[in-house]
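Thanks for coming. I have one structure to show today, so please look at the screen.

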Amino acid sequence: MENTQEGLPTDQEFHHDLVSSLPLEEGMSPVRLRKYQGVWMSEYFLVGTMNAQRYFKSRPTDILLASYPKSGTTWLKALAFSTMTRTRHSFGCHPLHHLNPHECVPLLDEIAGSLESLSEIDAASDPRLISTHLPFSLLPESIKSCGCRLIYVCREPKDTLVSRWHYHGKIVTNMGKSEVIPFEKMFDMFCDDIMPSGSIWEHALGYWNEKTQTPGRVLFLKYEEMLEDPTGTLTRLAEFMGCPFTEEELRVGVPAEIVSLCSFGNLRDLAVQQNRRISPGGIMTTESYYRKGAAGDWRNHLSPEMAEKLDRITAKKLQGTGLTLGRPVSETTAMDA
Ligand code: PAP
């Protein structure tokens, strides 16, 4: 698979050297960010990203779950995995009872850090369910060109930021550190696109553009719509994945069973019971992926000025694209009144 000629650096050594030569940002310590191909990325995922770009061979039958971090990935993985494998597992003794959704659907950017794990994905049978936090521009060429289906989940930027900040606090604690980045500092970095996986707006737009250019290739989901109508979302998901629910499944309530298995409360309770360290890098725990599981928590963290600033950036970045993320402050306030 890789260059092993005597005297020459292996591709792995080359990738490690390349990572350490990239521009570094330490404002989100202990997470180190490196600018790679124009995007700020978590250093931890960079060798995996480079390996994936170089070696990963996508197939037209693959289904790729893509998201900006903290946008609903865990939930989407649970729903897609349990829908795709529903004829193999009974709800009474389901893999999700002992595995975290992240262990059921591998993150390409992480797993490709080990060429051995990458070859296990290579050997997996169709259809493969794989996930990524990579922006569309950084995806391996084989994914871009092979025509495989992409499912993208996006979320209100203000809530994504809040979720990220809390998650960052868990990283800090789990690594035995004490310095948590002030929320205001992360807010500024978020506005300036200095975050793992780069700009939330560019990220969403990359997949949105692919959706508009290649009809039928991308299912675009919104976290808030999933909360409002989980069964409707699941029905669309199953149809898009090519395994729609049959009349009989609808009659006996299979979609409701899946929604309930993957509900925030159920997955969080299972994670508490599982109580294990998992990825990335064995730092996080099974519980780390569940906090509030709701829309609108930004109101408890952002000042009105901060919310307005983020809404302004969102409106400007998405102007004329047809894509919307979240709702403007005035609309939210009006609804709350
Ligand atoms: P990741 O990028 O690290 O995989 P991701 O799953 O995308 O994280 O996002 C985590 C958010 O999804 C958390 O949001 P919060 O911090 O605002 O609470 C988490 O609580 C939420 N989440 C996880 N599972 C579910 C679920 N089953 N239903 C609804 N929300 C969920």
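First, the ground rules. This is a predicted model, in which local features need pLDDT of at least 70 and side-chain atom pairs count only at pLDDT 80 or more, while totals for chains, interfaces and linings use all residues. Residues are numbered from 1 along each chain as its sequence is written, and side-chain values use heavy atoms, with hydrogens and water left out.

Now the ligand. Around the ligand there are 21 residues, and those that come nearest are T73, T74, S163, Y223 and K292. A residue counts as near if one of its heavy atoms lies within 4 Å of the molecule. The shell splits into 8 nonpolar, 9 polar and 4 charged residues. In that count, Ala, Val, Leu, Ile, Met, Phe, Trp, Tyr, Cys and Pro are nonpolar, Asp, Glu, Lys and Arg are charged, and the others, Gly among them, are polar.

Which helices each supply at least two residues of that shell? They are α3 (73-84) and α15 (264-274); α3 gives the most, with 3 residues. Helices here are DSSP runs of H or I with at least four residues, strands are runs of E with at least two, and both are numbered from the N terminus.

On to polar contacts, meaning pairs of N or O atoms within 3.5 Å. The side chain of T74 has an N or O atom 2.4 Å from an oxygen atom of the ligand. K292 brings a backbone N or O atom to 2.6 Å from a ligand oxygen atom, and C262 has a backbone N or O atom 3.0 Å from a ligand nitrogen atom. Of the 640 Å² of accessible area that the ligand has on its own, the protein covers 97%; these areas come from the Shrake-Rupley method with a 1.4 Å probe.

Next, strand β4, residues 63-67. Buried or exposed? In β4, 5 of 5 residues are buried, where buried means under 20% relative accessible area, with a 1.4 Å probe and protein chains only. I63, L65 and S67 lie on one side, L64 and A66 on the other. β4 runs parallel to β5 (residues 129-132), joined by 4 bridges, and A66 stands opposite T132. Strands pair if DSSP finds at least two bridges between them. With β6 (residues 149-154), β4 pairs in the parallel sense over 5 bridges, and L64 has L150 as its bridge partner.

Last, helix α2, residues 46-55. Here 8 of the 10 residues are buried, so α2 is largely enclosed by the rest of the structure.

Notes. Polar contact = N/O pair within 3.5 Å; in protein donor to acceptor, adjacent residues only side chain to side chain. Buried < 20%, exposed > 50% of the residue type's maximum accessible area, 1.4 Å probe, protein only.
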